[in-house]
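Visitor: I am new to this structure. Please show me how to read a few of its features.

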Amino acid sequence: MKKITLMLGVCGLLLGCGSAKRTNDLAISNPIVTKIDLTKVVADKAPVTINPGRFTTETVTYRLPKVVQGTYSVSDFGKYLDNFKAVDYDGNELAFSKSDTNTWVINDATKLDYITYNVNDTFDVETSGGIGGDTPFSPAGTNIEPDNYVLNLHGFIGYFDSLKNNQYTLDVTAPADFVRTSALQQAGSTTSTDGSSITSSYLAPRYFDITDNPMMYGKLDIEEFMVGDIKIVLSVYSPNKVHSAASMKETMYKMMQGQKAYLGDVNATPRYDIYVYLSEGKPESPKGFGALEHHTSTVVVMPESMQEAALATQMVDIVSHEFFHIVTPLSVHSEDVHYFDYNNPTFSKHLWMYEGVTEYFASLFQVDQDLVSEDEFYSKIMGKIQTSRALNDSMSFTEMSENVLEEPYASQYYNVYQKGALIGMCIDILMREGSNGNRGILSLMKELSLKYGKNKPFEDDKILDEIVAMTYPSLGEFFDAHVVGTTPIDYDKFFEKVGLHVAESKIKANYLLINGAPIVSGDGQKGTIFFTALAEQNSFWAEQGVKANDVIKMVNGQEVTLQNANAIFQEVYGWQPGKEIEIKLDRNGEEIIIKTALTQGYTVGNKLQAKPDATKAQVELRNAWLKG
């Protein structure tokens, strides 16, 4: 999972991954037959039918997930179900009770024929995109609208206790003119007698495969292409046709070609699906931007209003992150991941590996494959250092990971993409140093993948010792101090090893960030967004006369509120020089209008750069690190 997040003060504006043993005498039939009918949606709710076969016990429990794999927050998909009914073989309703938000207990289960209910989607009720809010993270959520259906199936289909390993069949009925794309194996299709609808039939070996294979239906734009022996299917929904699969194809092709070259002999997949939903920024539109990984696919949610170049840059960062999850946790993971409990999950101590190393790979491969310059890579590293230090830099990373749903740890989750990636960088440099440049963190992950793989989990409390045994004592010292321990990392020591240093310099400034810190904040009581004093350190905003505490009323004709700031500032984050803008400010009751073309802004900050007196050994180690 990757969340595109900017921490903007009190408003929290957001621009941003256990199988039970089967009880054989519980249900006689296999598979579990499930149906979703998109032609019978009423009041934005889709009907679902679940036929589990005949039960031999008097009481059974049906659940929808509280938490889904790849996310580290509570989703409570049971909240979006209503009109739940359990029906017996004579068509009568059976008694049931709800033991919690996501759990239905059905009595007289030996008489149960099927259950049925309606599912409301999550997109149109989102508050903050599922990050710090009470709705699922958008790429894990669901959408039901006339032209588009985002079918993250964990939002529609649940499981019976002890039957998670049963096979599932799924029939999805939709209008005949819908484009449909799925990562789940399709078994066939039938057309209605009047030709108005088509029912597509799918097979899932077990409930995990239901949750791991999203679908998208509707008026989509699809491009297919090959990257080596991998078939890439790119599905895009842009409600106003601002972007298309064709416009994104070349960027995705070049990126995935680079990833495949970087990964080398890491096992991949014969097909990989990329689902892209572009949000209009309306009150009912999704607000949490980023992506959620699956074994053979990813779901991406981004603002439709982004410029093509900015969207392309973001898509490379986001989708490459998700694709690298095929290494970890999809191939290298702990028992907490392997035996995931959707309703009472426990979490691994090693988010530094699952999200942090994945994020590091997503940045490193770009410089390794010449998709970005070394200076651009260094700038990204400096941004992560600055952002990580704005969070709790003295918190044990393993402790935070294991308790990620609870405070004070939950609010530090964003650091997995910052300090987590930097932990990966430090391990990489230590391994290059210990092996004369021959081994790095990618080779470590390949070795772990061979030792474990997707079907064999590691023991959470033993993996760090295993890694040290496989590598060098320096990694043990690093883990003890900076991953398990609470000592902040002195990055200068690692930069020295590769002949780099941090020096004050004139650097390019983003229109929303100064040295990794946001230049806008919010007042939750007044419901306003305003420039902070940092804006005056950006040469562009200073030239426009922006002052601290100027309230931002409108951006390019769109009123700015706490509710829509998520989408607006994601677009601002991606602005490029040359774009025409118009901003209306309120300065103590006086309206200020800025109408101009963007020019590049600069500020004074810390820049990571090569030392002019770097030794030959340092330069060789740096080259091994960046181009290994």
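Guide: This is a predicted model.

Visitor: Which strand holds aspartate 113?

Guide: Aspartate 113 is found in strand β8, residues 112–120.

Visitor: What is the nearest side chain of opposite charge to aspartate 113?

Guide: That side chain is arginine 54, 7.6 Å away. A salt bridge needs a nitrogen of Lys or Arg within 4 Å of a carboxyl oxygen. Aspartate 113 is buried and has no salt bridge.

Visitor: How are the strands of a sheet held together, and in what order do the 4 strands of the open sheet come?

Guide: Strands of a sheet pair through backbone hydrogen bonds, either parallel or antiparallel. Here the order is β6-β7-β4-β11, with antiparallel pairing. The edge strands, β6 (96–100) and β11 (159–160), each pair on one side only. Between β4 (residues 60–63) and β11 there are 2 bridges; in β11, tyrosine 159 is the bridge partner of arginine 63.

Visitor: What span should helix α3 have?

Guide: Helix α3 covers residues 308–324, and its 17 residues at 1.5 Å a residue should span 24 Å. The end C-alpha atoms of α3 are 24 Å apart, which agrees.

Visitor: Why is α3 described as largely enclosed by the rest of the structure?

Guide: Because 13 of its 17 residues are buried.

Visitor: Where does arginine 389 lie, and which residues is it in contact with?

Guide: Arginine 389 lies in helix α6, residues 374–390. Leaving aside neighbours within four places in sequence, arginine 389 is in contact with Ile489 and Tyr491.

Definitions and conventions:
Residues numbered from 1 in each chain as written. Predicted model: local features only at pLDDT ≥ 70, side-chain atom pairs only at ≥ 80, totals over all residues. Heavy atoms only, no water. Buried < 20%, exposed > 50% of the residue type's maximum accessible area, 1.4 Å probe, protein only. Lys, Arg positive; Asp, Glu negative; His and termini not counted. Expected span 1.5 Å × (residues − 1). Contact = heavy atoms within 4.5 Å. Pairing = 2+ DSSP bridges.
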